[in-house]
Amino acid sequence: MLIFLIQNLLSLLFWRPQRRDQEDSDSDAVIFDKDAIYKIRKKHVAESCILFYDPDPLQIVRAQGTYMYDENDNEYLDCINNVCHVGHCHPAVVRAGQEQMAILNTNSRYLSELNARYAQELTSTFPTELDTIYFMNSGSEATDFAMELCKVWSDGTDFLVVDCGYHGHTRSATSVSSYKFNHPKGIGQPSFVQQMSLPDTFRGRFRDRETAGEQYAEEAEVLLQNIHQRGAKVAGFIAESMLSCGGQIVLPPNYLKNVYRKVRNAGGLCIADEVQVGFGRCGTGMWVFETQDVVPDIVTIGKPMGNGHPISAVVCKRAIADKYYRSRPEYFNTYGGNPVSMAIGLAVLKVIRKEGLIEHARVTGQMFLERLIEIKSQFPCIGDVRGMGLFLGIEFVKDQGTREPDEKTAVSVKKMMYSRRVIVSTEGRHNNIIKIKPPMKFGEHEVGLFMNHFEGCLRFLFPLS
């Protein structure tokens, strides 16, 4: 018996993964080397699935809080991962998923306490009119279904969208995503889509934030008339409550209020896309649309909802769901609303409340913005800094007077920050905006770390500033 125990102990100590006994050595080899991983990915994963920092991509093997770690255990400050909302691998969220997975995971056609509890708790964070929910797995799915609800309600086909908007990767979601259909390799603007101007008060046509909301919204009237003249009907209007891919744009006051009124008067519904910006990121409350003093007809949510676990939802008014029920077959989603997803979703909500992350986003975001404004005064290459809570943008220009976009500097800063182990990304129509949307655990220490490295990059690029 003693020999047996020693043999088992030694086998555990010196165990290494073994190849399966198959002939295809390429597919069966155990991969540890970064170069080998990269080559196999290039061979088997579609080229459209891009990598950050290619051809020298970052290999992340673990993460915690606001930090990620590569295969050599180097630490990187994560400034862009809005999916891991309450922090990478938050122990309460991980535990909730692990424990429920060991008990039950099945579809939502069975009565589940977790499904009912999460539906109740989640809808309680919305205005009372938004009391009905459909669970699914991705923001793209949510967009697709929200569009269908609009069509059923209005008997219309056409949508108003905002320039540079992004709402997902499915065919229907891409069709209302200017960020995708206006891409050089995109499908082009569909005939059933009317595109509104980006309500950008830094670079756009109207720049006075006090009046720009009403001015940009006027365009909706013209586009709605275009739809009517085509003999078509408007189904809905979809817009992110803050525009991410458009360049971290905070909508001017009264913009949504005025567009919503015009669209509803024409018989359409209004969708607020909170997939990227919801769950308290703005620091004023759970949902950004509330800062515009509106109540949407439909809200799409996702990304941060499961802190990295795939959960999404459509929240709408009961009358909209009732009409869909009377008009269409049942809604069923194999994985939407499953017990594991519900347990994780509940855990995320609990962490947001328990750790005061909404107020944390407000305080930290304000401090972050003030420091960015301060450094903007020292470097003419920065044309604008903007944002709300932990959703911030830094726009680079060649000249502050002409506001000519400077993609080169933005990309250089991104690469230099990477060399300093700080992960940021660029965005916007001209790819000249550094976007910041980190996990909500991002605090004063992380702000200081970011600013030290950011200023170091700028002083290297512009030593005389």
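Author: The dialogue below treats a sheet, one of its strands, the helices on it, and a single residue. Please keep in mind that this is a predicted model.

Reader: In what order do the seven strands of the open sheet lie?

Author: In general, strands of a sheet pair through backbone hydrogen bonds, either parallel or antiparallel. Here the order is E4-E12-E11-E10-E7-E5-E6, with mixed pairing. Strand E4 (130–136) and strand E6 (193–196) are the edges, each pairing on one side only. From one strand to the next, the twist averages 20 degrees.

Reader: How many bridges join strand E5 to E6, and how many join E5 to E7?

Author: Strand E5 (residues 158–162) is joined to E6 by four bridges, and the two run parallel. Within this pairing, Phe159 has Val193 of E6 as its bridge partner. Towards E7 there are three bridges, again with parallel strands; Leu160 stands opposite Phe237 there.

Reader: Which way do the side chains of E5 point?

Author: The general idea is that in a regular strand the side chains alternate between the two faces of the sheet. In E5, Asp158, Leu160 and Val162 point one way, while Phe159 and Val161 point the other way. Five of the five residues of E5 are buried, so the strand is largely enclosed by the rest of the structure.

Reader: Which helices accompany these strands?

Author: Helix H9 (residues 209–229) lies across E5, E6 and strand E7 (234–240), and runs at about 160 degrees to E6. Helix H10 (residues 255–265) packs on the sheet, where it touches E5, E6, E7, strand E10 (269–273) and strand E12 (312–317). The direction of H10 makes about 170 degrees with that of E7.

Reader: Let us turn to a single residue. Is Asp384 buried or exposed?

Author: The cut-off for a buried residue is under 20% relative accessible area. Asp384 has 17% relative accessibility, and therefore counts as buried. This residue belongs to strand E13 (residues 382–387).

Reader: With which side chain does Asp384 make a polar contact, and which residues beyond its sequence neighbours does Asp384 touch?

Author: The side chain of Asp384 makes its polar contact with the side chain of Arg386, at 2.7 Å. Leaving aside neighbours within four places in sequence, Asp384 is in contact with Phe202, Lys376, Gly393, Ile394 and Glu395.

Note on methods:
Residues numbered from 1 in each chain as written. Predicted model: local features only at pLDDT ≥ 70, side-chain atom pairs only at ≥ 80, totals over all residues. Heavy atoms only, no water. Buried < 20%, exposed > 50% of the residue type's maximum accessible area, 1.4 Å probe, protein only. Polar contact = N/O pair within 3.5 Å; in protein donor to acceptor, adjacent residues only side chain to side chain. Contact = heavy atoms within 4.5 Å. Pairing = 2+ DSSP bridges. Axes fitted to C-alpha atoms, helices over the stretch in contact; angles between N-to-C directions.
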